[in-house]
Amino acid sequence: VTSPAGPNGTPAAVDAAFDEMVDTRRALHAHPELGFEEHVTTTLIRDRLGALGLTERPVATPTGGAFVLEGGRPGRTVVLRADIDALAVHEQVDVGFRSTVDGHMHACGHDAHTAVLLGAARVLTARAEELPGRYLFVFQPGEESLMGARTMVEGGLLEGLEGARVIGHHVASTLPVGLVGVRGGITMSEVHSLRITLRGAGGHGAMPTGSGDVVRAIARLVDDLGGVVAGLGYEGTDCVCTAGRLRAGSAPNVIPDHAVLEGTLRTFTADQRTEALGRLRALCDTLAADQGVTVELELPGHAPAVVNDPGLSALVAAAARARVGHERVLAMPPVAPSDDVSEFLDRLPGCYFFVGGGHPDGSSGVHHAPTFAIDEEALRVACAVTVDGALAMAAPGPGPAPGAG
Ligand SMILES: [Zn+2]
Ligand SMILES: [Zn+2]
């Protein structure tokens, strides 16, 4: 069986792979696995790509994997990245392939990303002889913890890949199905996770001393956190600093001796990061002085901003326009969410794009919500743009130089 290489052959090949992609996505959706525990998922990936004859490369993570396809013609190496982990969310969507694991759910769409990349591997492998370059399919665990990409990259995944390019995507339930969002430059925020520990003397709830009360102090901290990013934004999108988890106390009538706030800081530029962290440290110092507590600030997690190469993003946008039409490819503003695909894009030029997955009737919940649900037609679009985007990036010759466009 032969099909022409390049964009013209892609739609039919993707259509042929579509049912399998949907089945794969549903199987993964029914068996969600948390970061670094994606063993069943990894076995499925390995079995599929082994059957296609791809060569597995060792990775530094306990789960996930990297698989090489050699094209038959000269060209560049393209790293195709999908994340594979699920979240500690209890699914509330009533579908036949609903999560079978209480409290775990593919609530961010990584099941779709995995299925799409397996579909892209099938489509590209069928044409291997005609393809330029080399394709490294990376199935990355642990995106939600911000540990997966860093562990893989620091473990040597990209060694020897100088000159390679990166492509990846995220489905977006907030974007209607049929739309694609592509942006050159800063696209997603830099994230720091925060852990702020307050300590005081503790004591009897009926005998407050007016000082050293960590519960009162943490309430004040939650209220003041927004000031850390006040006035900071990038091209119309605000920086964010919010609390997500508070821990304090063991009884109604005991003032505890410690309290912990965990939260997240999202900025876009290095200047904003410096400014926001400076304000956060000052806030902690002021809080300590005013409330008579000690305050310890830790930054246990980090991922850089997602920065797309403008020239390569133009290639991906062209591939998307060919698939969904000119008016359905949006030049997006930067978004406040983050993604550790930035660990790849920090080292190699590439493009991370967004694929609309919102049901036309508006019933898709937001990412990370128990009502998150996508329209599976998104898989067809994502696979086609991934395949044609990767082919464009792999093409030999000058092409758009990274950084141009
Ligand atoms: Zn997520
Ligand atoms: Zn995600």
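**Stop 1: the two zincs**

Select Cys-108 first: this residue bridges the zinc ion (ligand 2) and the zinc ion (ligand 1), which lie 3.1 Å apart. A word on what you're viewing: this is a predicted model, where local features need pLDDT of at least 70, side-chain atom pairs count only at pLDDT 80 or more, and totals for chains, interfaces and linings use all residues. Residues are numbered from 1 along each chain as its sequence is written, chains are lettered from A and ligands numbered from 1 in the order in which they are written, and side-chain values use heavy atoms, with hydrogens and water left out.

Donors here are N, O and S atoms within 2.8 Å of the metal (3.2 Å for Na, K and Ca); water is not among the atoms, so sites may look incomplete. Cys-108 sits in the loop between β3 (73–83) and α3 (110–126), while His-170 is in strand β5 (residues 165–176), 62 residues apart. (Helices, H or I of at least four residues, and strands, E of at least two, are DSSP runs numbered from the N terminus.)

Buried or exposed: what is Cys-108? Cys-108 is buried, at 8% relative accessible area, and His-170 is buried too, at 7%. Buried means under 20% relative accessible area, exposed over 50%, and partly exposed in between (1.4 Å probe, protein chains only).

**Stop 2: across to the other zinc**

His-368 lies in the loop between β18 (350–358) and α9 (377–394) and Cys-108 in the one between β3 and α3, so the pair ties together parts 260 residues apart in sequence. His-368 is partly exposed, with a relative accessible area of 38%.

**Stop 3: a helix pair**

Next, colour helix α1 (residues 10–30) and α9: their axes come within 9 Å and cross at roughly 130°. Axes are lines fitted to C-alpha atoms, for helices over the stretch in contact, and angles run from 0 to 180 degrees between N-to-C directions.

To see who meets whom, show side chains including Phe-18 and Met-21 in α1, and Leu-379 and Val-387 in α9. Contact means heavy atoms within 4.5 Å.
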